[in-house]
Amino acid sequence: MKEKLQQYALLAEIISAVAIVASLIFVGIQIRQNNALVKANTYREIRAGVMSLNFLGFSNPEYAALNYKISNGEELSPVELVQRRAFGFYMINLADTAYEQYQRGLIDGKELRETLGPFLGILSQNRWMQEQIRQYSRFPENYDPEFIAYINEQMDRAAEQARALSAASGDNK
C-alpha cells in the first residue's frame, strides 16, 4: 500500500511539473503577443501624428498658405511667426517621440525612417527649422542629445545628397 502511495505521489509531482512548464510556456506566448501589440500600437500612434499633419495640409487653407509662405521664404506676419514656431515644435516633438520609441525598441529602424521622412523632408528645405534644431542642441535638457545628433546626421546627409544632385544636374546642362 505504501508503495502505491509513493507511485501516486511521484505521478502527481510529474503532472504538476508538466503543468508548471505548460503554464510558463503559455505566459511566454502571451508576453510575446502583448509586446507585438504594444509595438504595433506605438507605431500606429506615431503615424497618426504624421497623418494629422498631412490632413491639415490639404484640409486647412490657413495652414496650407502658411506652409507655402514658409517653403518659399516669404515674410510672415507676427501671428504667422507664432504659428511657424508652434509648427516647428510640433514637428520636432513628433520626431523626438519617434526617436525615443526607437531607443526603447518599440519601433524599428525602418519605422523610424518612415516616421521621420516628412520631418526630415521639411527640415532639409527649411533653414528656420534647421536653426531651431541647432538651438535646441545647445540645451540638452530640451531634447535627448542622441536625438539631436541623429537629426544633425540626417541633415548633413540630406545636404550632401542635395549637393550631389545639384552637381549632377549641373553636369547634365
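Below are my entries, beginning with the model itself.

**Ground rules.** I am working with a predicted model, where local features need pLDDT of at least 70, side-chain atom pairs count only at pLDDT 80 or more, and totals for chains, interfaces and linings use all residues. Residues are numbered from 1 along each chain as its sequence is written, and side-chain values use heavy atoms, with hydrogens and water left out.

**Entry: helix α1.** I took helices as DSSP runs of H or I, at least four residues, numbered from the N terminus. Helix α1 covers residues 2-59, which is 58 residues. I looked up its span from first C-alpha to last and got 83 Å. The expected value is 86 Å at 1.5 Å a residue, and the span is close to that. The expected span is 1.5 Å times one less than the number of residues.

**Entry: burial in α1.** Which residues of α1 are buried? I list Thr42, Tyr43, Ile46, Gly49, Val50 and Leu53. Buried means under 20% relative accessible area, exposed over 50%, and partly exposed in between (1.4 Å probe, protein chains only). These buried residues pack against α2 (61-71), α3 (78-103) and α4 (109-125). Contact here means heavy atoms within 4.5 Å.

**Entry: nonpolar patch.** I found a nonpolar surface patch of about 450 Å², made by Leu5, Tyr8, Leu11 and Ile15. Patch residues have over 30% relative accessible area and no salt bridge, and nonpolar side chains (Val, Leu, Ile, Met, Phe, Trp, Tyr) are joined within 5 Å. Areas come from the Shrake-Rupley method with a 1.4 Å probe. I checked Leu11, which sits in helix α1. Leu11 counts as partly exposed because its relative accessibility is 47%.

**Entry: salt bridges.** My criterion is a side-chain nitrogen of Lys or Arg within 4 Å of a carboxyl oxygen of Asp or Glu. How many salt bridges does this rule give? The count is four.

- Glu100 and Arg104 meet at 2.6 Å, N to O. Glu100 is partly exposed at 29% relative accessibility, while Arg104 is exposed at 59%.
- Glu114 pairs with Lys110, with the closest N and O atoms 2.7 Å apart. The two are four residues apart in helix α4, so about one helical turn separates them. Glu114 is partly exposed at 32%.
- Glu153 and Arg157 meet at 3.5 Å, N to O. They lie four residues apart in helix α6 (residues 145-171), so about one helical turn separates them. Glu153 is partly exposed at 43%, and Arg157 is partly exposed at 41%.

Definitions and conventions
Patches are made of residues with over 30% relative accessible area and no salt bridge: like charges are joined within 9 Å, nonpolar side chains (Val, Leu, Ile, Met, Phe, Trp, Tyr) within 5 Å.
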